[in-house]
Amino acid sequence: EKPWWGAAGAVVIGIGGVLLAMDIPFWNTLWFLFAWIGFLLILDAVIYSLQGHSFVRGRRRELGARLFWSVPYWCLFEAYNLRLENWYYVFLPHNEVVQGLFAFAAFATVLPACFFGAELFKALGWFEDIRWRSLPVNRGVEAALFLFGIACIVLPLAAPKYAFWMVWG
């Protein structure tokens, strides 16, 4: 079976590009969503072509879980940004309900984008032949990593001017 959803993804990107170029208020604010959803459909079709299964074809339950959990995952970063004031969004829909739906759909693409990329690397066989010895991890290393994790949680809130980057840790 040919992965038809790759072509559908290209159509979604194309429609989004046309609407963006036409500079139609409201529709051009949705470009991000058209681009990511289209890209993910194309990427999944490539994965399917390489290995015969993908998230859209055969792993829909897993895809649904990743779409679902991506929203609270990204909302955590948004919550941090209330204190950090490190980024903001432009060209948002003016209607708050539409803005909320748009944000929900956009946030749902975050984890799938990460996992689709990893799946593509796997399907291409990249990094399969790389071998190295395991790094020794003792209780001291575990404790240091635990403390660093706590610092990544607390310091961006306590000193956002200097520790904003740690939110990504």
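These legends describe close-up views of one predicted protein model.

Residue numbers start from 1 along each chain as its sequence is written.

**Figure 1**
The protein chain has seven helices and zero strands. Its pattern along the sequence is α-α-α-α-α-α-α. Helices (H or I, at least four residues) and strands (E, at least two) are DSSP runs, numbered from the N terminus. Along its principal axes, the C-alpha trace spans about 55 × 45 × 25 Å. The radius of gyration of the protein chain is 20 Å, whereas a compact globule of 169 residues would have one near 15 Å. This radius is taken over C-alpha atoms, and the globule rule is 2.2 Å times the number of residues to the power 0.38.

The accessible surface of the protein chain comes to about 11700 Å². Carbon and sulfur atoms hold 70% of that surface. Accessible areas come from the Shrake-Rupley method with a 1.4 Å probe; for residues, only the protein chains shown count as cover. Of the 169 residues, 32% are buried. Buried means under 20% relative accessible area, exposed means over 50%, and partly exposed lies in between (1.4 Å probe, protein chains only). Contacts (heavy atoms within 4.5 Å) also tell us about the fold. Among those with a separation of 6 or more, 66% join residues 24 or more positions apart. The chain has 12 positive and 11 negative charges, and their mean positions are 8 Å apart. Lys and Arg count as positive, Asp and Glu as negative; His and the chain ends are not counted. Each charge is placed at NZ of Lys, CZ of Arg, CG of Asp or CD of Glu.

**Figure 1. Ser-70 in helix α3.**
Ser-70 is found in helix α3, which covers residues 60-84. Is Ser-70 buried or exposed? Ser-70 is buried, because its relative accessible area is 0%. A polar atom of its side chain lies 3.5 Å from the backbone oxygen of Ala-108. A polar atom of the Ser-70 side chain also lies 3.2 Å from the backbone nitrogen of Val-110. A polar contact is a pair of N or O atoms within 3.5 Å; within protein, one must be able to donate a hydrogen and the other to accept it, and residues adjacent in sequence count only if both atoms are side-chain atoms. Leaving aside neighbours within four places in sequence, Ser-70 is in contact with Phe-107, Ala-108, Thr-109, Val-110, Leu-111 and Pro-112.

**Figure 2. Thr-109 between α4 and α5.**
Thr-109 is found in the loop between α4 and α5 (110-124). Thr-109 counts as buried because its relative accessibility is 4%. A polar atom of its side chain lies 2.6 Å from the backbone oxygen of Ala-106. Which residues does Thr-109 contact, leaving aside its neighbours within four places in sequence? They are Phe-32, Trp-36, Ile-37, Leu-40 and Ser-70.

Glu-85 lies in the loop between α3 and α4. Glu-85 has a positive phi of about 50 degrees, although it is not a glycine. Most residues other than glycine have a negative phi. Glu-85 is exposed, because its relative accessible area is 68%. Asn-86 is also placed in the loop between α3 and α4 (96-107). Asn-86 counts as partly exposed, at 39% relative accessibility. Leaving aside neighbours within four places in sequence, Asn-86 is in contact with Asn-81 and Phe-164. Asn-86 and Glu-128 are 42 residues apart along the chain, and their C-alpha atoms are separated by 37 Å.

**Figure 3. Phe-127 between α5 and α6.**
Phe-127 lies in the loop between α5 and α6 (139-158). Its phi is positive, near 70 degrees, in a residue other than glycine. Phe-127 is exposed because its relative accessible area is 55%.

Leu-76 has its place in helix α3. Leu-76 is partly exposed, with a relative accessible area of 48%. Leu-76 and Val-167 are 91 residues apart in sequence, and 9.7 Å apart in space, C-alpha to C-alpha. Ala-159 is found in the loop between α6 and α7 (160-163). Ala-159 is partly exposed, with a relative accessible area of 27%. The C-alpha atoms of Ala-159 and Ala-106 are separated by 29 Å, and these residues are 53 apart along the chain.

Definitions and conventions:
This is a predicted model: local features need pLDDT of at least 70, side-chain atom pairs count only at pLDDT 80 or more; totals for chains, interfaces and linings use all residues. Side-chain values use heavy atoms; hydrogens and water are left out.
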